[in-house]
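Please look over the sequence and the structure before reading on.

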Amino acid sequence: LAVMYEKRYVNFTYDISLAKKVLRYVLGVITMMIVMIGVGELFGLFGFAEESFLANFFDFIRFFLIAFIGIGLYPKFFSRFKF
């Protein structure tokens, strides 16, 4: 879904300077770590058993969010602000 969103609405380009590419990368890694740890901790508050259906379902949601933000929304942010 994230790839389809990116191709249809974002069309992210890599025609920028090396410094901007490095900054994009660093900000991307920080953003993904915040989402991964933050959402993981938030879902951990529910206290599901580690291998239960609900724990696996919430892990699915967490990793879906990470992929969608990293591939779809994060590039949209940079495209919108011409960075």
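The model is predicted. The chain holds three helices and zero strands, and its elements run α-α-α from the N terminus on. With a radius of gyration of 15 Å, well over the 12 Å that the globule rule gives for 83 residues, the chain is more spread out than a compact globule.

**Overall dimensions and contacts**

- The C-alpha trace spans about 45 × 25 × 15 Å along its principal axes.
- Of the contacts in the chain with a separation of 6 or more, 70% are accounted for by residues 24 or more positions apart.

**Surface, burial and charge**

- The chain exposes about 6300 Å², and 71% of that area is supplied by carbon and sulfur atoms.
- Buried residues make up 23% of the 83 residues in the chain.
- There are 9 positive and 6 negative side chains. The centres of these two sets lie 20 Å apart.

**Nonpolar core**

- In soluble globular proteins, nonpolar side chains tend to be buried together.
- In this chain, the largest nonpolar core has six residues in all: Met32, Val35, Val39, Phe43, Phe58 and Ile66.
- The elements that give two or more residues to this core are α2 (18-44) and α3 (53-80).
- Helix α2 gives the most to the core, with four residues.
- Val35, one of the core residues, is in contact with Gly40, Ile66 and Ile69 when its neighbours within four places in sequence are left aside.

**Alanine 2**

- Alanine 2 lies in helix α1, which covers residues 2-10.
- Buried means under 20% relative accessible area. Alanine 2 has 9% relative accessibility, so it counts as buried.
- Leaving aside neighbours within four places in sequence, alanine 2 is in contact with Ala67, Phe68, Ile71 and Gly72.
- The C-alpha atoms of alanine 2 and glycine 40 are separated by 20 Å, and the two residues are 38 residues apart along the chain. Glycine 40 is also one of the contacts of valine 35.

Conventions: Residues numbered from 1 in each chain as written. Predicted model: local features only at pLDDT ≥ 70, side-chain atom pairs only at ≥ 80, totals over all residues. Heavy atoms only, no water. Core = buried A, V, L, I, M, F, W, Y, C linked by side-chain atoms within 4.5 Å. Buried < 20%, exposed > 50% of the residue type's maximum accessible area, 1.4 Å probe, protein only. Contact = heavy atoms within 4.5 Å. Rg over C-alpha atoms; globule rule 2.2 N^0.38 Å. Areas by Shrake-Rupley, 256 points an atom, 1.4 Å probe, with all protein chains shown as cover. Lys, Arg positive; Asp, Glu negative; His and termini not counted. Charge placed at Lys NZ, Arg CZ, Asp CG, Glu CD.
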